[in-house]
Amino acid sequence: MILKDVPKLKHIDSDNFFLLAGPCAIESEDMALRIAERILTITDKLEIPFIFKGSFKKANRSRIDSFTGIGDEKALEILKKVSETFDVPTVTDIHEVSDAAMAAEYVDVLQIPAFLVRQTDLVVAAAKTGKVVNLKKGQFMSPESMKHAVQKVKDSGSNKAWITDRGTMFGYQDMIVDFRGIPTMREYAPTILDVTHSLQQPNQSAGVTGGRPDMIETIARAGIVNHVDGLFIETHFDPANAKSDGANMLHLDNLEKLLTNLVAIRKTVQSL
């Protein structure tokens, strides 16, 4: 594990899974601070290492009129304020080579979106910042193929790579998590399960992605049982009105019970 490479990360000796959590996109300073504070209170109580997640912009959208962000610098400044206010590390996704150095000035972990994880220049640019690089497995890729993405990070002079599974396309409008891939990817790098994106139902005719938030605990429990190192969960206090991915996000009011159950499962699994 390379959790010590993430500044400000607490509870790294608790033997818990670590958590990347927050809203899909940064909508405002107030919403980001409100969500971060709530998650921090819960994760401190449960001794879960916590990294606040928020996209400073959304480049992968179905329609041209979909929400893409409040402005790059403004959103990155909010992520920086979350980090400084609560003394927590932050993660955001990047989409272009020029994003890497810019975002690295504000956050602690750079995330490569699933659709872009084969873009060599983007992965190399992220690795060269010296930040931890979270590589999301493409929906179209096998677990075995992720060793090449990790190798790109290593060949760029960094050993700070994580892998995140966010499901595999099943037909046109559904995602499936193949849990056989978890031990395979853990051979290459610490492996995270993106619980909420794994429950997306993309390519809807209306141009708005659907989802199955009712299955969040089912998928999360299975991930813990199969020894994932971390979990990725998008959460919001008002998912129905979130500007991005509201259909598959966890309501913030349900986070504490979910994490409490997962910590208990983790302890049981670790004792076997």
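The largest pocket of the predicted model is lined by 39 residues, of which Asn60, Arg61, Gln200, Thr209 and Asp245 lie nearest its centre. Here a pocket is an open set of points, on a 1 Å grid over the protein atoms alone, with protein on both sides within 12 Å along at least five of seven lines, whereas a cavity is a set of points where a 1.4 Å probe fits but cannot get out; lining residues have an atom within 4 Å of a point. The space in this largest pocket comes to about 760 Å³, a volume being the space filled by probe spheres set on the grid points, which are joined across faces, edges and corners. Its lining divides into 14 nonpolar, 14 polar and 11 charged residues, where Ala, Val, Leu, Ile, Met, Phe, Trp, Tyr, Cys and Pro count as nonpolar, Asp, Glu, Lys and Arg as charged, and the others, Gly among them, as polar.

Because the model is predicted, local features need pLDDT of at least 70 and side-chain atom pairs count only at pLDDT 80 or more, while totals for chains, interfaces and linings use all residues. Residues are numbered from 1 along each chain as its sequence is written, and side-chain values use heavy atoms, with hydrogens and water left out.

A search of the whole structure for cavities of 30 Å³ or more returns 1, and the largest cavity has a volume of about 50 Å³. The residues that line this cavity are Lys8, Leu9, Lys10, His11, Leu40, Thr43, Asp44, Ile48, Phe50, Asp87, Val88 and Pro89, and they divide into 6 nonpolar, 2 polar and 4 charged. Helix H1 (residues 29-46) gives the largest share of the cavity lining, with 3 residues.

In overall terms, the secondary structure of the protein chain comprises 8 helices and 13 strands, taken as DSSP runs numbered from the N terminus, with at least four residues (H or I) for a helix and at least two (E) for a strand. Along its principal axes the C-alpha trace spans about 50 × 45 × 40 Å. The radius of gyration of the protein chain is 17 Å, which agrees with the value near 19 Å that a compact globule of 272 residues would have; the radius is taken over C-alpha atoms, and the globule rule is 2.2 Å times the number of residues to the power 0.38. Of the 272 residues, 56% are buried, a term that stands for under 20% relative accessible area, with exposed meaning over 50% and partly exposed in between (1.4 Å probe, protein chains only).

Strand E2 (residues 50-53) runs parallel to strand E3 (residues 90-93), to which it is joined by 2 bridges, and Lys53 has Val91 in E3 as its bridge partner. E3 in turn is joined by 3 bridges to the parallel strand E4 (residues 109-112), with Gln111 in E4 as the bridge partner of Asp93. Between E4 and E5 there are 4 bridges, again in the parallel sense, and Leu110 stands opposite Val133 in E5. E5 is also joined to E6 by 4 bridges, these two strands running parallel, and the bridge partner of Val133 in E6 is Ala161. Strand E6 (residues 161-165) pairs in the parallel sense with E9 over 3 bridges, Asp165 standing opposite Leu193 in E9. Finally, E9 is joined by 3 bridges to strand E12 (residues 230-236), which runs parallel to E9, and Gly230 in E12 is the bridge partner of Ile192.

Right-handed β-α-β units are made by E2, helix H2 (residues 72-86) and E3, by E3, helix H3 (residues 97-104) and E4, by E4, helix H4 (residues 120-128) and E5, and by E5, helix H5 (residues 146-155) and E6.

In a regular strand the side chains alternate between the two faces of the sheet. Both faces of E3 are covered, with Thr90 and Thr92 on one side and Val91 and Asp93 on the other, all buried. In strand E5 (residues 132-136), 5 of the 5 residues are buried, with Val132, Asn134 and Lys136 pointing one way and Val133 and Leu135 the other. Strand E9 (residues 191-194) likewise has Thr191 and Leu193 pointing one way and Ile192 and Asp194 the other way, and all are buried.

Notes:
Pairing = 2+ DSSP bridges. Right-handed = clockwise from strand over helix to strand, strands pointing away.
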